Amino acid sequence: MTMIADTPAQSMSVFRAESFVVSEGANLGDPLACADDMMLDDIYALAASAQPERLSTHAGDPSHLTVAEGSECGTPGAAIHLDCALTLMSPDGKITDAIVLVEVDTVGTIDQVYLLPLARLEPRTDYALVGIDREDARSKFAHLTCARFTRGTHITMASGKQIPIEDLSVGDRVLTRNDGVQQVRWVGQSTVRATGDFAPICIRAGTLNNERDLIVSPDHRLFIYQRKDRLGAGRSELLIKARHLVNNDSVFVQDGGFVDYFELLFDTHQIIYAEGIAAESMLIDTRTIPVVPEEVSSQLVSHSNTSLSGLDVTESLLNRPDAAELLKRASTR
C-alpha cells in the first residue's frame, strides 16, 4: 500500500542510554547499547537522577523514523531506527518490555541510543536482561503509536445508534464526519499494562460536550471545530492530542492496572464519533502497519486523508490549565 507523507508527530517518553547502565555482568559499567553489543543476563540499573525526555518522531520510510521539530531530545530530521526489543526482569520476577531506539547522523554513525520502556522502570532497581529480540521491535512499537479507544467506548453508527466498540465487526456501517457512512475494514484489540505511554487519558463527561467519559490512548487525536478561534490557532478546524488536554481534573491519566484497547480501521483515515466527540480512526503509516494483518493491509491502496492534513495543534498552544474549557466554549459559541 502507499503510505502518506504528511504524518502526525508521535511523542514518547525515553531515557538516554547513559541513564541505563550495566551494574553487574560482562559489560559492567557500560551504558545501554545496540543489540550486537549487549549480553544476556547482564544486570542494568536506572540512575537515580535519570529523567525521561519526550522524543517526537514522524514516520519515515519503512526502515526508519525521523526526529520531529520540537522534540525534547534528538536532532530534528535525524533518522531513528528501531534496533531491538528487550525483556527485563526485576528481582521480584516482574517482566518489563522495552525498545531500543538508535539515532544516526547523516553518514549513518550512531549519535545517540534511547531506551523506550513499555512499563514503568524504577530507579536504582536491578533489571536482568533476559531477552533480546531484533524482529519484534516494530510490532511492539506499533501498538504504542496507534490511535486507540478503550473497551466500552460508544461509536455512532450509520443509523445514529451508539454501539460499544467491542461489539463492532468488519462490514458494520459507521457515521464519519467527512465521508458519510463508511464500512469498518478491521477491528484490532489488545490488552496492555496501563502505565507510561500506554496509560489512557480520560476525558470526563461534558468536558468537550461528550455524553459519557471518553477514554483513549494518549496520542489519540480529537477533532474540534472552533466557531471562534479562542485558542489562537489561526483556523477553525483542529486536531488535538488527548495528552495535551490533561489538567488532572476534567482530563486525567488513568494510570495502573490493565487496559483493553481497540483500533478501528476504514479504507481511509476518518473522523468518527465516540461518546459524541469527533475523534480519529486508526491511521496507517510505517509506524502502525505492523499491527494490521497482511491480508488487510495489502488491500489498502492508500490511507491518506488530505482534508485532515495541517490541522494538528502544537502542544505550546495547549499548555494552559483551561485548554479543555476553552475548546468547549470555542466549539459552542
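Let me begin with the largest nonpolar core, which has 34 residues, and in which Ile240, Leu245 and Leu327 touch the most other members. By nonpolar core I mean a set of buried Ala, Val, Leu, Ile, Met, Phe, Trp, Tyr and Cys residues joined through side-chain atoms within 4.5 Å; buried denotes under 20% relative accessible area, exposed over 50% and partly exposed in between, with a 1.4 Å probe and protein chains only. At least two residues of this core come from each of strands E16 (201–203), E17 (214–216), E18 (221–225), E19 (237–241), E21 (258–265), E22 (271–274) and E23 (277–280), and from helix H4 (323–332). Helix H4 gives the most to this core, with four residues. Helices (H or I, at least four residues) and strands (E, at least two) are DSSP runs, numbered from the N terminus.

The model is predicted: local features need pLDDT of at least 70 and side-chain atom pairs pLDDT 80 or more, while totals for chains, interfaces and linings use all residues. Residues are numbered from 1 along each chain as its sequence is written, and side-chain values use heavy atoms, with hydrogens and water left out.

Leu327 is in contact with Leu208, Ile224, Gln226, Leu231, Leu238, Ile240, Leu245 and Leu318, not counting residues up to four places away in sequence; contact means heavy atoms within 4.5 Å. Apart from this core lies another, of 25 residues, including Ala33, Tyr44, Leu46 and Leu129.

I turn to Val100, in strand E7 (residues 95–104). Val100 is buried, with a relative accessible area of 0%.

Finally, the pockets. On a 1 Å grid over the protein atoms alone, a pocket is an open set of points where a 1.4 Å probe fits, with protein on both sides within 12 Å along at least five of seven lines; lining residues have an atom within 4 Å of a point. A volume is the space filled by probe spheres set on the points, which are joined across faces, edges and corners.

The largest pocket has a volume of about 560 Å³. Of its 22 lining residues, Ala9, Ser56, Lys241, His244 and Glu315 lie nearest the centre. Strand E4 (residues 53–59) gives the most to this lining, with three residues. By class, the lining has five nonpolar, nine polar and eight charged residues.

The second largest pocket holds about 430 Å³. Its lining has 14 nonpolar, three polar and four charged residues.

Definitions and conventions. Nonpolar A, V, L, I, M, F, W, Y, C, P; charged D, E, K, R; others polar.
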